[in-house]
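Please open the model in your viewer and keep the selection panel at hand. The stops below can be followed in order.

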2 protein chains.
Amino acid sequence: MPQSRQRADAAALEVAPSAVPSATAPAVPTPPVIPDAPARATLADVAQRAGVSRSTASRGLTGRGYVAPAARERILLAAEELGYVPDGNARSLKARHTPAVGLLVSDLRNRFYAEVAAGASSVLRDEGYTIVLVDDTGSDPEEVAAARTVLAMRVAGVLVTPVSAAVSQLVARHGVPLVEIDRQFCRGECDAVLVDNVTGARELTEHLLGLGHRRIALLVNETGWTTSAGRIKGYHQAWAAAGREVPADGVEAVGFDPDQIEDKVGELLSRRRPPTAVFAANNVVAEAVWRQSARLGLRIPDDLSFVAFDDSPWMSMVSPGITTVAQPSVELGARAARLLLSRMAKPGRPRTTRLDCPLIVRGSTARLGRRRTPVKGSEGVRSAR
Amino acid sequence: MPQSRQRADAAALEVAPSAVPSATAPAVPTPPVIPDAPARATLADVAQRAGVSRSTASRGLTGRGYVAPAARERILLAAEELGYVPDGNARSLKARHTPAVGLLVSDLRNRFYAEVAAGASSVLRDEGYTIVLVDDTGSDPEEVAAARTVLAMRVAGVLVTPVSAAVSQLVARHGVPLVEIDRQFCRGECDAVLVDNVTGARELTEHLLGLGHRRIALLVNETGWTTSAGRIKGYHQAWAAAGREVPADGVEAVGFDPDQIEDKVGELLSRRRPPTAVFAANNVVAEAVWRQSARLGLRIPDDLSFVAFDDSPWMSMVSPGITTVAQPSVELGARAARLLLSRMAKPGRPRTTRLDCPLIVRGSTARLGRRRTPVKGSEGVRSAR
DNA sequence: CTGTTAGCGCCTTCAC
DNA sequence: GTGAAGGCGCTAACAG
């Protein structure tokens, strides 16, 4: 699912080096002029209006400590009349803790990350936590900067789809709980919620091998990427289990740039001796395969069998439907949030959760050589046509 | 694009009524025990280590005010060694202003909202603003609660895909700039960035009328919804321009519940005298139409012409491709963010921006009666088949 | 150039 | 049951 372009080393500097205004002190440009700050009601205002002291007003409002029913009544009324909204900054300052968690994701435009965010969001909202979201474009420096920002807000925890170990290290050093999602860079050091990349990829590959395919191209973004690594491993396992050598040019890295991906995929499919089956390692690559094979007039599954890691809505809407393993993206976010909450409640040994990705066989895969003979299973909604 | 289930009245209470712990004072359950808060470095620590006073340290770090180069050097070094990250809460408290904006959206799982968020995010990040995100599930009470939360954080502004006028009123009363996105509830009262629903819907309808269709069903979630209203209006305009009566049962409300939508759509298409063309008012409804027509064995465009408001990736991947108008969702978020920034910089008369939705003709629409004769234009990537 | 002073808004002992 | 006092961490005068 990565959509990022770098994975730079875990520089993890606490503050940016050298003399530049430095990240430590975000070079506050100029105190942003508050247009006409209409003096918001403060606790003192409420207290005064209710004819009590600030401390009593505070107790009345928070419901902690003793307050005479009558006084409480007046306080609540006063607050309502004034449109009083307590200042979270002041509260957090006092409490040395903010009821918020940082959520650092690589790319909200990618369905996968958006769903992870949605899953985390719903759990955290239910528990009364606010989310500070940063779409860090999958860039390492951006992600570290984002981490620093949420650290500055004194968030209670951090969720991240990491791009390097830098974020986790930085956050850990500040004693703030963190859960890595989807990718893992500090195994054993901090919590993580991942999918079972190996098994999913193995099943997909076995499926193709079982259909007689031998020229199976696995297309990943970058071979060094952690999710890719797992998928490549599964791919290898399947070959090994079948007692066969992994083809030399079996794994291809197509990069992260959309245009480049299209080009590479087009090139691959146009070779003199093209693969008979393609395995796209994620939804972005899968889309490129689908478009390019169409452009080249390749019929699926007749001319080319096609499987993908990470089920996307379109894969069940096109015809034939695409055979995939589905990543439980929403659940991934939700589980990560729950794990974070429990870690915030009490420290403990880091735990890694791995979620299953069910195989979904559709019509995009067929036995090699036998033309126009889709395999068992559903075909995508339009197969009727 | 709405995905929500309510639009309740603009209750907009400042605080929740009655005696309940009340929203004003979020019934702080119990001061969340900070596990083992490892005393984070504070400005005083940095100052001490650098052998200067706190104010000097502050100046050195922020780069405001005079500081001897040598001292500055020591301060920066000390900060780095201590892993000092300034406390945003304290800063905000002092500054009476937080460099963050609240982003309240209805449903991150819906591609449309996720892209709006992505667009806004990128602009705001570039300007140094953090995003406090709330996925409010399109519920009015949730949205108001979310607004209160971000207000409490003293955000500098708010972006919202509103579900009622409540949020805007609440936020406005606190003198915080707000921009409504996609839907508009306080026309003339606050800024908004919308799409041109009327024109897009008119073009789509005209396209169908031009192909000879007369039984054209427009499927919306709820007729009372503001985006639906615009689309319905455009639909009406097209009929009027053609000098024809709008069919009595032309507009159907299918609700927000996914299952219910499927049912209603299935029922519609199974009628004895079904429409010859369907106009889905958004991507969610469109998906239901696509699936149901497949289930019923209807051929598109032979048996049924099909258009949709809001282009989704799958619409250009299926065959035939779906004729749509594309909402510039990312741009919507970006423009809203820019408008908010300018409003934060200086107040002014509320402005409403309306973005165009280009018509994209693909293969899902054909002349009535003439079978298997797709219209001009592209056909979706798989048409080659 | 640097330190002292004061206070942002809130909460929380601790007396009364 | 209630108020007075102090301080969370930081910054902005204002002296020196």
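The charged end of which residue sits over the ring of A:F309? Select A:R231 together with A:F309, and you will find the charged end of A:R231 over that ring, 3.9 Å from its centre; a charge sits over a ring here if NZ of Lys or CZ of Arg is within 6 Å of the ring centre and within 35 degrees of the ring normal. Moving to chain B, select B:R231 and B:F309, where the charged end of B:R231 sits over the ring of B:F309, 3.9 Å from its centre.

Before going on, note that this is a predicted model, in which local features need pLDDT of at least 70 and side-chain atom pairs count only at pLDDT 80 or more, while totals for chains, interfaces and linings use all residues. Residues are numbered from 1 along each chain as its sequence is written, chains are lettered from A and ligands numbered from 1 in the order in which they are written, and side-chain values use heavy atoms, with hydrogens and water left out.

Select A:F112 and A:Y113, whose ring centres are 5.4 Å apart and whose planes stand at 75°, so the pair is edge-to-face. Both A:F112 and A:Y113 are buried (under 20% relative accessible area, with exposed over 50% and partly exposed in between, for a 1.4 Å probe and protein chains only).

In chain B, select B:W225 and B:F256, which also form an edge-to-face pair, because their ring centres are 5.4 Å apart and their planes at 70°. B:W225 counts as buried at 1% relative accessibility, and B:F256 is buried with a relative accessible area of 8%.

Finally, select DNA strand C and the 26 residues around it, of which A:L43, A:Y84, A:R91, B:S55 and B:R96 come nearest; a residue is near the strand if one of its heavy atoms lies within 4 Å of it. To see individual contacts, select B:S53, where a polar backbone atom is 3.0 Å from a phosphate oxygen of DNA strand C, and then B:T56, where a polar side-chain atom lies 2.8 Å from a phosphate oxygen. At B:R59, an N or O atom in the side chain is 3.1 Å from a base oxygen of DNA strand C.

Conventions: Rings of Phe, Tyr and Trp (its six-membered ring) pair if their centres lie within 6.5 Å; planes under 30 degrees apart count as stacked, over 60 as edge-to-face and the rest as tilted. A polar contact is a pair of N or O atoms within 3.5 Å; within protein, one must be able to donate a hydrogen and the other to accept it, and residues adjacent in sequence count only if both atoms are side-chain atoms.
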